[in-house]
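I opened this notebook to keep track of what I looked up in one structure, entry by entry. The sequence and the model come first, and my notes follow.

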Amino acid sequence: MKKTSIILSGLLLVTTLGAKEFVSIGTGGMTGTYYPIGGAICRLANKNPEIKCSVQSTGGSVYNVNNVLKKELTFGFVQSDVVYDKYNGKGKFEGAADDKLRSVVSIYPELLAFVVSKASGIQNIDDLAGKKYNVGNPGSGNEVTTLAVLKAKKFNVDSLGHRGVLTVQECPHALKDKKIDGYSFMVGHPTANITDAANSMPIDILDISGDDIDAMIEQFPYFAKGTIAKGTYIGVDKDVQSIGVKAVLVTTNQTSNEAVKGIVKAILDNFDEYKSLHPALSTVTKESLLEGLSAPLHPAAEAVFKEAGLLQ
C-alpha cells in the first residue's frame, strides 16, 4: 500500500507541476529599482497556483528586450524609449525592427539622474568635459538615454576625460573610490543605489532642462519632464529638473494568454499591496498602468484591462 501511495503522490506532484506556467522576468541590477519591483510582481503572481514566476537580475533595458524576443526571458522591464526604438527599428536598433514585441503594463515613471560627487566641482553638463563620467554599460537604457541628452546638449562625448562603462551596481563604490566623478542612472526614485552613494559621500544631481531639452522632447514624444524632489537623497537640497520615460513590462505576441493574464491580474487584483511594495510605485494609479506604452498591448493584457473597465 505504501509503495502505491508513494507512486500516486509522485504522479499527483508531476500533474500539479505540469499545470504550472513557468515565467521569468528580466529586470536590472540588484541595487536598482527594476529588480525589487520584478521580485514583488513575481510574489503577487505566485499567489496564483497556475503560475511559477522567477526574477532575474540582468544588464537592463536593451538586454531585456533582446532576450525577450529570443524567448530566453518571458517578460522584461524596458524603458519606453527603448521599446519604441526596437518596435520601430530606430536609434540603436536601426534596421532591426521587431513587430513581435508587445506591451504588458506600464510600471512607473523613470527619471534620468546625472549623479556627481560634490568634490568633482561638476555643476552642469558642460562641466563634464575632461571628467571621468560613467555614461552607462553597453546595452543599458542608461547609456541610450544619456547619449541622447548629451547629443541634445551638443556635448561631445569624446571630450570626457574617461567614458565609463560600469554597470550602475558598480558606480557608488567607484564614485566613493574616485575612480569616476559621476554616473548616469535612469530609474524610479528613490533608489537604494543613489541613497548608498549619498550616504557615503557628498553628492549632487545635475539639472536636465532648457530649450534644447524641450526640442528633444518634441522630437521624441515618449520622453516627459519630471522632478526629483529635494530631500529625496541626502545633500540634494533643491528640486532637480529632469526628463524621463516609463518603465514598461514587455513580452512577445507568442507569449501565452495565461501567462500574460496571470501577471496583469496579479497587479490589478492586489493593487494596494502592489503600490506599497516599493516607494517608486507610490504615485502609480490603475490608469497610469496604460501610459507610455510604445508597442501594442498583448491581447490578453488588453482583455484584462477591458474587464477592469480601464479600456474601452
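Before looking at any helix I wrote down that the expected span of a helix is 1.5 Å times one less than its number of residues, and that helices (H or I, at least four residues) and strands (E, at least two) are DSSP runs, numbered from the N terminus.

**Entry 1: ground rules and confidence**

I noted that this is a predicted model, in which local features need pLDDT of at least 70 and side-chain atom pairs count only at pLDDT 80 or more, while totals for chains, interfaces and linings use all residues. Residues are numbered from 1 along each chain as its sequence is written, and side-chain values use heavy atoms, with hydrogens and water left out.

I then looked up pLDDT, which is the predictor's confidence in each residue, from 0 to 100. The mean pLDDT of the protein chain is 91, and 94% of its residues reach 70 or more. Over residues 1-17, however, the pLDDT is below 50, and beyond near neighbours in sequence this stretch has one contact in the model, where contact means heavy atoms within 4.5 Å.

**Entry 2: helix H2**

I checked helix H2 (residues 34-45), whose 12 residues reach 16 Å from the first C-alpha to the last, close to the 16 Å expected at 1.5 Å a residue. For burial I used these cut-offs: buried is under 20% relative accessible area, exposed is over 50%, and partly exposed is in between (1.4 Å probe, protein chains only). Nine of the 12 residues of H2 are buried, so the helix is largely enclosed by the rest of the structure. Among them I listed Tyr34, Ile37, Cys42 and Leu44.

**Entry 3: Gly29**

Leaving aside neighbours within four places in sequence, Gly29 is in contact with Tyr35, Ser57, Thr58 and Gln169. I also noted that the C-alpha atoms of Gly29 and Gly59 are separated by 6.6 Å, although these residues are 30 apart along the chain.

**Entry 4: aromatic pairs**

How many aromatic pairs does the structure hold? I found seven, using the rule that rings of Phe, Tyr and Trp (its six-membered ring) pair if their centres lie within 6.5 Å, with planes under 30 degrees apart counted as stacked, over 60 as edge-to-face and the rest as tilted. Why is the pair of Tyr84 and Tyr222 tilted? The ring centres of Tyr84 and Tyr222 are 5.0 Å apart and their planes are at 45°, so the pair falls into that class. This pair links distant parts of the chain, 138 residues apart, with Tyr84 in helix H4 (residues 80-88) and Tyr222 in the loop between helix H8 (211-219) and strand E9 (224-228).

Tyr84 is partly exposed, with a relative accessible area of 30%, whereas Tyr222 is buried, at 15%. Tyr222 also pairs with Phe223, again tilted, at 5.0 Å centre to centre and 55° between the planes. I recorded that ring pairs link Tyr84, Phe220, Tyr222 and Phe223 into a cluster.

**Entry 5: Ser80**

Which residues does Ser80 contact, leaving aside its neighbours within four places in sequence? They are Tyr222, Val245, Lys246, Val248, Gly292 and Ser294. Ser80 is found in helix H4 and, at 1% relative accessibility, counts as buried.

**Entry 6: backbone exceptions**

Most residues other than glycine have a negative phi, and most peptide bonds are trans. With that in mind I noted a cis peptide bond joining His189 and Pro190, with omega about 0°, and placed Pro190 in the loop between strand E7 (182-187) and helix H7 (192-200).

Lys154 has a positive phi, near 55°, and lies in the loop between H5 and strand E6 (162-164); Lys154 is exposed, with a relative accessible area of 76%. Lys178 has a positive phi near 65° and sits in the loop between helix H6 (171-176) and E7, where Lys178 is exposed, with a relative accessible area of 63%.
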